[in-house]
Amino acid sequence: PRPPAADDTCLQKLLDWLGDLSEAEPGLKLVQDNPCLAELLASVLALPEPSPSVLSFALRLAGMLAASEGAFQHLQQEKLLARLFGEDGPRSGAAWADASVRSAWVDGVRSMVHHEPALRLLASGGALDVIFTLQGDPSLFVSSAARQLLVHALSFSLECEMTKAPGARVCDWPLCAQMIIKHIEDSLQSSSISHIKQSLKLLAGLFGGCHAPWTEVLWLAVAKRVESFLTEESVQAPHLLADLLLNMSRSPVFRDPESSFWVLVTSALEHLTPVQAGPLAVGILRLHKCPQDVRIQAVTVLLQPMDCILRAASQPLEYSGLLDESVTDPATVESLLSSKVSCASLLCQTLGHLEELLSLSHLPVDLPYPSLLRSVMTILQFCNGLLIPASPLGSKISQTLIGCFRVQRSALDVLAVLSERKGCEIPVENLFDVLLSYLESPNTNPMVLKKSFQATSKWLVCLPEISCFSSQWQITKILQDVFLVLQKRLCSPCWEVRDSSLEFLTILITGLRDRDEFRQTLLSSEVPRLTEDLLEDPESYVRASAVTAAGHLAYVAPESPVTGNQYNNENTVAKLQEILSTDPEGFPRRAVISIFIKWLRKGYTALLQDTEQFVSKVIQTAERDLDWEVRLGGLELVEVFFVQTLCRLGRPKCPYAPFSPEFTSSIRHNESLQIFCRTKLFGFLFCSLCDCDRPVGQKACDILLAIRSSFYPSNSLKDSQDPEEVGHGIAWLQRTLRQGSLAQNFPTGGSHEVDFQDPESMLLALGTIDLEELHDDLNKSSDHVEKSPQSLLQDILAAVGAVEENEADCY
């Protein structure tokens, strides 16, 4: 019995193959030279109840073939297209209930509509009415495809059926375009909410994908009705209206600041609620060209909830708000914030939009950063109950937000982004009081704690740059408080908390390791010892994070330890090597190899007593690892070691500079080659060429090509000997490498093999083995197998059942 999806897989592959053929030669010639294609379509139509997969295949195939006008006419003469896409086709059968058939019907029509005869068939055969109906299909795939088909049909009709640019009157446009526009107008005028939504989605797709001048004529035909939606007491489909206006704002057709379109955008920002207008506002602010008054209004929409929060939490006139005036009635925002149903949703959306806006490299407007920062801090204080409200509205907001994880996460994200903006100069003690309250609280959700760590690390890194905060003592005091909290969190029974704490520590070391007060505070705390203990944590994710943190700690610790610091670099190196060779999980081992690469790349060789011995031990361990990412990391370590060794021996610092003859000849038979052999580098590289995971083999081949270019000038390889002529060892190596992944158990030792620690043998191997051919083989994608005729035939056999007569007929 064949698998259920065998038919579908085979038919899809056959369809792809025929599609490639139709692109390679004219469609009419393909149909005429292969009458079996038309016979195939006719045989499907002759079936009393074809299966959905076979019928879908026939519909897609017919549409693909009919994309050529000549083939279209040929299939029309055979009356195949009318039977497939007309009223008497699948639309009247039981198979139409299957969404895959409806989807294939739409795809077939979409493929076919590339010439005028297909448009005429579309307009006269009732197919447009079917497409209009399919806009409301219960399958999202079908409804979306139907909308895209209408957009294509309208734009293509105007492009190919008009000899000059479309005029200002729709009645002068082609029949197909007129029918689509009339449908849009009728739907917008109808009392059916679903029809209105379908037309708004269609218009949004049309204006979003087509920026031709005629779109302005279309807009003038529907503008009044769209505008009326905004002035109704209850706005119909507000989110779709916002999407439509946003797509139009991106079109150059409506870019004129004096256009009446922008008046409608202003009206939308006024009449939609803050929840509805938020996406439109942030989209407007991302535009490069936009009228300044509309831009200011969009900013005001986003800041209104934050302004309301600030005023609700403070005594009258204690702080000025964010806004001098509001776009809409402030009572609307207050009502939303005082409701348990809408408060959290409004704040999460607003904070999300502000984070998106603040993450832009260039802000189109100036924001009141100090007030905005204070408002975010107020939200965080409301959420953990540390703020006593100063107004009835503040009391309601506080009751709603207490312990609300969603709002906490969003507010902390904005707080982190604000650290990168100059001008957020408020008393930093207040800011860290809020952050520490979250770091210390046992009730803090693990994800909220992670966000708190991220925000704290960003503000700590930029702390010395804040002009109003220059006291060294204050900085040290904050660091001490942070490390006290970190010590407790590293001992948490929750593994997510331990993991986030270690990630936080790594980020701090990366950003602050050059500052004396940070180093002293860190090394005087219990954090280094606790980090070392977590290398043996029962949770693999925590062990991996502990490896990364310990790796960064290793080059922070000074040669003369701070008083009370028991951190030992030699002990750390030994522990990491032990983890690499013994840890049962892949995450910690990957973390170890990444740290070793970082140490070597950054030049922290003082951590290692003998770099050669260290590299040799690591790559021998990595070579045996079952995780391909660890083996790949071992190759990256080899690459760094190779480059550094050559640079130490006189290689030009610029990687693109040619080697001098003196440098090339001096290293060919001496120190560098001996170093590479002593570290057993070549054995690892040649063995990796046969790795069953292709990225490992590709990396090894790249490194070997780089090594060969260091030992052989580019013009000297043309005289290299054939492997068979230079000895059995090299010939054996060439044959083994050609087997590729079939030689996964790369043999070592034996009379016919190569001594990978012999410099002369390795020099000979580099000069004779065809590494370019291996490189090409390794870089071949699997498509050359999966899309081959052989693979297609195997799928066909699997679909029909591989009996002998089927096999013969198939081939």
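Biologist: Hi! In which crossing does H22 pass H24, left-handed or right-handed?
Modeller: Hello! This is a predicted model, and in the model H22 passes H24 in a left-handed crossing.

Biologist: Which residues make that contact?
Modeller: From H22 there are Phe-405, Gln-408, Arg-409, Leu-412, Asp-413, Leu-415, Ala-416 and Leu-418. H24 brings Met-447, Val-448, Lys-451, Ser-452, Ala-455, Lys-458 and Trp-459.

Biologist: And how many are nonpolar, polar or charged?
Modeller: Nine are nonpolar, two are polar and four are charged.

Biologist: What angle do the two helices pack at, and how far apart are their axes?
Modeller: The angle between H22 (residues 405-418) and H24 (residues 446-462) is about 15°, and their axes lie 8 Å apart. Angles under 35 degrees count as roughly parallel, so that is how H22 and H24 run relative to each other.

Biologist: New topic, cysteines. How many disulfides are there?
Modeller: The count is zero.

Biologist: Is Cys-690 buried or exposed?
Modeller: Buried, as its relative accessibility is 1%. Cys-647, at 34%, counts as partly exposed.

Biologist: One more: where is Thr-400?
Modeller: Thr-400 sits in helix H21 (residues 392-401). Thr-400 is buried, with a relative accessible area of 17%.

Biologist: What is Thr-400 in contact with, leaving aside neighbours within four places in sequence?
Modeller: Thr-400 then touches Ser-339, Lys-340 and Cys-343.

Methods
Residues are numbered from 1 along each chain as its sequence is written. This is a predicted model: local features need pLDDT of at least 70, side-chain atom pairs count only at pLDDT 80 or more; totals for chains, interfaces and linings use all residues. Side-chain values use heavy atoms; hydrogens and water are left out. Axes are lines fitted to C-alpha atoms, for helices over the stretch in contact, and angles run from 0 to 180 degrees between N-to-C directions. Helices (H or I, at least four residues) and strands (E, at least two) are DSSP runs, numbered from the N terminus. Angles under 35 degrees count as roughly parallel, over 145 as roughly antiparallel, 65 to 115 as roughly perpendicular and the rest as oblique. A crossing is left-handed if the near helix is turned anticlockwise from the far one by less than a right angle, and right-handed if clockwise. Contact means heavy atoms within 4.5 Å. Ala, Val, Leu, Ile, Met, Phe, Trp, Tyr, Cys and Pro count as nonpolar, Asp, Glu, Lys and Arg as charged, and the others, Gly among them, as polar. A disulfide is a pair of cysteine sulfur atoms within 2.5 Å. Buried means under 20% relative accessible area, exposed over 50%, partly exposed in between (1.4 Å probe, protein chains only).
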